[in-house]
Amino acid sequence: MDEALFEYDSVSICNNGLGLKILDQTKLPNEEVFIILHNEDDFTDAITSLKVRGAPAIGIAAAYGLSVLMCNSGIKSINDYHNEFARIKNLLLKTRPTAVNLSNALNRMEDRFLKISKDKNITVEQINQKLREEAELIKNEDIGSNLEIAKNAISLLKPSMSILTHCNAGHLAVSRYGTALAPIYLAKSKGWNIKVYSCETRPLLQGARLTSFELMRAGIDVTLLCDNMVSSLMSEGKIDAVITGCDRIARNGDTANKIGTSSIAVLASYYKIPFYVAGPSTTIDNDSLTGDSFVIEQRSPEEVTEMWYSERMAPKNISVYNPAFDVTKSQLISAIITEKGIFRYPYKF
Ligand code: MRU
């Protein structure tokens with residue numbers, strides 16, 4: 001992978017473990033503004049308002065959040081530490097419900113905490129240090145997973161292909177490189193000429209604002225389209241494959257991703273275009289047999305009616321349907337690519 005394609009990580013620990021530096025993704029593409037999260041309002045607001053977003057990045061930010069907030073709590077007794085840890089974990093867990101990376105990362109931090117706090121001689125400072133190391137490990141493992149996803153996924157592609165993607169499953173959404181976009185970056189490093197079509201991704205425009213931005217910055221040929229133009233593009237034979245990211249994968253391969261993904265999968269099936277999903281195994285929800293039990297985040301009506309417009313674009317008090325994710329049935333997915341390999345229907349991970 002050509003590291004020169006990536007100028008910075010969108011989530012990094014700073015201030016000697018007392019702050020988390022994130023790129024505020026709500027300001028992109030017009031401004032590249034970094035902010036530092038210190039207190040619990042900073043963290044909960046950053047995750048709920050999508051300043052940091054994308055399933056793996058949310059998990060990493062939450063793990064660091066536990067570490068930073070415990071360091072900043074000033075707590076000195078182990079008993080108090082237990083109570084505060086549980087409170088903060090619960091607070092972060094409630095920020096966004098669909099991406100399972102969030103709960104997987106927080107549960108992993110808790111397991112580590114419970115294990116180390118069994119040592120009666122351990123100090124609060126040592127616990128803080130070990131929690132920080134665990135969060136760092138979660139980020140580093142994600143970087144490693146993305147590199148493996150890139151290598152696995154590129155075996156499904158060919159130079160000069162045209163790929164459609166939806167939402168943003170790139171460098172901005174993870175620790176580094178991306179999931180769905182990682183093979184595109186690897187292809188670029190190999191001198192391949194891949195063309196990307198990026199769906200705008202209503203209503204929060206992750207495709208228009210983020211995917212277009214990061215791919216253009218890396219010198220990758222990217223064309224933007226509105227979400228309702230996919231059928232037209234596919235019918236003209238302009239798409240060789242679809243690759244998206246994912247927020248939660250059930251044991252049978254049903255996959256939640258940004259709203260609109262399932263309709264692209266239906267269209268890909270109709271036009272006989274391979275539909276691939278890429279994600280690390282931290283996105284697998286071992287507690288869900290199928291996608292029917294996934295909790296789908298519902299977001300505010302204003303995202304549909306007025307956000308991004310200089311004036312409101314729908315009548316006042318109109319009822320609005322605004323789920324943030326939908327579930328693509330496993331039968332519609334040609335392959336799910338994780339760091340462990342390429343899986344096909346019927347899925348067994
Ligand atoms: O609401 P968002 O922007 O957090 O939704 C993100 C997505 O749906 C991504 O496709 C998914 O998290 C994969 S990120 C590698």
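Me: Which domains does the shell around the ligand draw at least three residues from?
Reply: Domain 1 (3-146) and domain 2 (151-343) each give at least three residues to that shell. The domain bounds come from an automatic or database domain assignment. This is a predicted model, where local features need pLDDT of at least 70, side-chain atom pairs count only at pLDDT 80 or more, and totals for chains, interfaces and linings use all residues. Residues are numbered from 1 along each chain as its sequence is written, and side-chain values use heavy atoms, with hydrogens and water left out.

Me: How many residues surround the ligand, and which are the closest?
Reply: The ligand is surrounded by 19 residues, each with a heavy atom within 4 Å of it. Arg-53, Ala-55, Arg-96, Asn-257 and Lys-258 are the closest.

Me: What kinds of residues are in that shell?
Reply: Nine are nonpolar, six polar and four charged. Here Ala, Val, Leu, Ile, Met, Phe, Trp, Tyr, Cys and Pro count as nonpolar, Asp, Glu, Lys and Arg as charged, and the others, Gly among them, as polar.

Me: How far is the side chain of Arg-53 from a ligand oxygen?
Reply: An N or O atom in the Arg-53 side chain is 2.5 Å from an oxygen atom of the ligand. For the side chain of Arg-96, an N or O atom is 2.8 Å from a ligand oxygen. Gly-54 uses its backbone: an N or O atom there lies 3.0 Å from an oxygen atom of the ligand. A polar contact is a pair of N or O atoms within 3.5 Å.

Me: And how much of the ligand does the protein cover?
Reply: 100% of the 420 Å² of accessible area that the ligand has on its own, by the Shrake-Rupley method with a 1.4 Å probe.

Me: Which elements give two or more residues to the shell?
Reply: Helix H2 (55-72) and strand E9 (255-258). Helices (H or I, at least four residues) and strands (E, at least two) are DSSP runs, numbered from the N terminus.

Me: New topic. Which peptide bond into Pro-203 is cis?
Reply: The one from Arg-202, with omega near 0°. Pro-203 is in the loop between strand E5 (195-199) and helix H7 (206-217). The bond from Tyr-345 to Pro-346 is also cis, with omega near -5°, and Pro-346 lies in the segment after strand E13 (341-343).

Me: Where is Cys-167?
Reply: Cys-167 is in the loop between strand E4 (162-165) and helix H6 (182-189). Its phi is near 65°, a positive value in a residue other than glycine.

Technical notes: A polar contact is a pair of N or O atoms within 3.5 Å; within protein, one must be able to donate a hydrogen and the other to accept it, and residues adjacent in sequence count only if both atoms are side-chain atoms.
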